[in-house]
Amino acid sequence: FGVTDVETQQPWRYDTICRIYSMTKNLTVLGFMLLVQEGRVSIEDPVSKFFPAFATERLRVVPNDKEKASPDECVAVRTPILLKHFLTHTSGLSYGASGGNEPSNANEEAYQSLIERVDRREFMEIADWCNEVTEMPLRIQPGQRWEYSYSIDLLGRIIEVVSGERLDTFLQKRIFDPLGMHDTTFALPQAKQERLATLYRRVHREKEDDWVRPEEPVDSAANSKWVEPNQPAVCMGGGTIGSVAGGLLSTMNDFTRLCMMMHNGGELDGVRLFSEEEIAFMTRNLLPEMTGREDAWCLDTPGLGFSLLGSIAVPHEKANWYDPPGEFGWGGLGGTAWAVDRRDGLVVLSFTQVLSELWVDEELRKAVRRSLHYIEPPEPEEGEEEKGNPAGQEAKDAGTAGQTNPKSPQAIDEACHDQKRALEDAGTDDSNETIKRPRLVN
C-alpha cells in the first residue's frame, strides 16, 4: 500500500489526503451539470453570454499553434464557442507548462507569464484571471481538435456567476456534503494536516532512473501550499493555473463515493444527484459531434473518446486492450486516477503523489483486466504496427474457455448495444440488467 512520506515512513491509508489536480475538473463539471439539470444554464449557451471577450467577432486565433504569433498575424474564428466546447476541450484554448516545468512548446510559452503571475498571487479572484485569459488569442480554431486546456477553470467561474456562490461553497453544498466527501476541499484545515501525503517528482539522471528525495519535496504537509492559510487565493476548478499549487484535495475514501455515485447511475446511499439518463448523457463520446470527425481522439489515442466526465473508451480496432468500450475516467498531474466500467461492475482507483507518474494507473487497469481474463495481445514484431486484439484469438487461460473474448467483435457489439440501450432506456429494469454491482479496486 506504500507510505505517505519516505522520511517518516507513515503508512498510506484510505483517508490519506492527496492533491488530485485535474480530477478537480470532474467535480466542477458535475457541479455545472447540476445547474444544467435545473434549467439555469445550457451546454448550448454561447460562452460570450458569460465572457463578452469571447464574442465571435472579437475572437482571434493564432495561425499556427506550433509557433508564436503577433496580434497582427492572428485570424478570425470560424465558429462561435459554446459551453459544450469548454466541456470537451475543443474551444481552442490550451495549457501552460505543468508541475513547475519550463515551457516546451509555443502553446505553453503563450501562458507562461500568466502562470508566473498566479504564483506571485497577483489574482485574488478567479474572475480577474478569467478576464486575462479571455483577452488572449486562441491557440487553435474552435472544434479543430481535442486540446487539453484551461476551459474548466473558466467553467468554474461560470458556476459562480450562475449560482451566485463561490465555487468552493457551491461544490461543498451540492456535492461534497450530500455524498459524504468529508475530506475533499480546496483548502485543508490545519487539524487534518498530518494526513496530507508528501508530493514528490521523479528526476532522470544520466546513468540511472531512480526515485530521488530532494532536500525540499515539491510540497509537504509541514509547509504545504494547500493548507490554510497558505492555500491559493482563487478556487481553481480545473486543477492548477499556477506552476504547482491549486485544485482540490481528496482521499481514496471520498473519491470512491463519487465514483460509486456515477457507477450507480447518479445515486449513492439514498442520495440522488443525477438521473440515469443524465449519467448516460454525460458519458457519451462527444468528439465526433464537436470536431465533425469520426477519428478525433483524446490524447491522440485511437479508441479513446471524450465525454463530459472525462475519457470514454469506444470500439476501435487499434484501441488499447485494457480500455474496453464504455469505461470512462480521468486522472491528475499528481498521480491520482479513477475509472468506472458499469458493464463489468468496476470502480478502479489509483492514488500516488509523484508528479506526472501516470503509468501507475495504466498498469493497475491492465492488472484488473488480466484478472477478469481479458486477452492481452502479443507484442508486435519489430516494424509491425501494433493493433488491437486479433479477431478470434483464443483465450490463453483455461478458465475462459467457451467464454466470449471481451475484446472480440462480438463483445464489442454487445458493449455498444448495452451502451445504446442504457441511453435509450435508462432507468428501466432492462437497462439495469447490464449494470453489475461495482467491485472496488485500489
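Me: How many aromatic pairs does the count come to?
Reply: The count comes to 15 aromatic pairs. Rings of Phe, Tyr and Trp (its six-membered ring) pair if their centres lie within 6.5 Å. Planes under 30 degrees apart are stacked, over 60 edge-to-face, and the rest tilted. This is a predicted model: local features need pLDDT of at least 70, side-chain atom pairs count only at pLDDT 80 or more, and totals for chains, interfaces and linings use all residues. Residues are numbered from 1 along each chain as its sequence is written, and side-chain values use heavy atoms, with hydrogens and water left out.

Me: What kind of pair do Y95 and Y150 form?
Reply: Y95 and Y150 are edge-to-face, 4.5 Å centre to centre, with 65° between the planes. Y95 lies in the loop between helix 2 (83-87) and helix 3 (106-119), and Y150 in the loop between helix 4 (126-134) and helix 5 (151-163), so the pair ties together parts 55 residues apart in sequence. Helices here are DSSP runs of H or I with at least four residues, strands are runs of E with at least two, and both are numbered from the N terminus.

Me: Is Y150 buried or exposed?
Reply: Y150 is buried, at 2% relative accessibility. Buried means under 20% relative accessible area, exposed over 50%, partly exposed in between (1.4 Å probe, protein chains only).

Me: Which residues form the aromatic cluster?
Reply: Y95, Y111, W129, W146, Y148, Y150, F306 and W330 form one cluster.

Me: New topic. Which residues line the second largest cavity?
Reply: The lining is K25, N26, V29, L87, H89, I152, F306, L308, L309, G310 and W330. A cavity is a set of points, on a 1 Å grid over the protein atoms alone, where a 1.4 Å probe fits but cannot get out; lining residues have an atom within 4 Å of a point.

Me: What is the volume of that cavity?
Reply: The second largest cavity has a volume of about 60 Å³. That volume is the space filled by probe spheres set on the points, with grid points joined across faces, edges and corners.

Me: And strand 14, how many of its residues are buried?
Reply: Six of the six residues in strand 14 (residues 346-351) are buried. L346, V348 and S350 point one way, and V347, L349 and F351 the other.

Me: How many bridges join strand 13 to strand 14?
Reply: Six bridges join strand 13 (residues 336-341) to strand 14, and the two run antiparallel. Two strands pair if DSSP finds at least two bridges between them.

Key. 1 Å grid on protein atoms, 1.4 Å probe; cavity = no way out; pocket = protein on both sides within 12 Å on 5 of 7 lines; lining within 4 Å.
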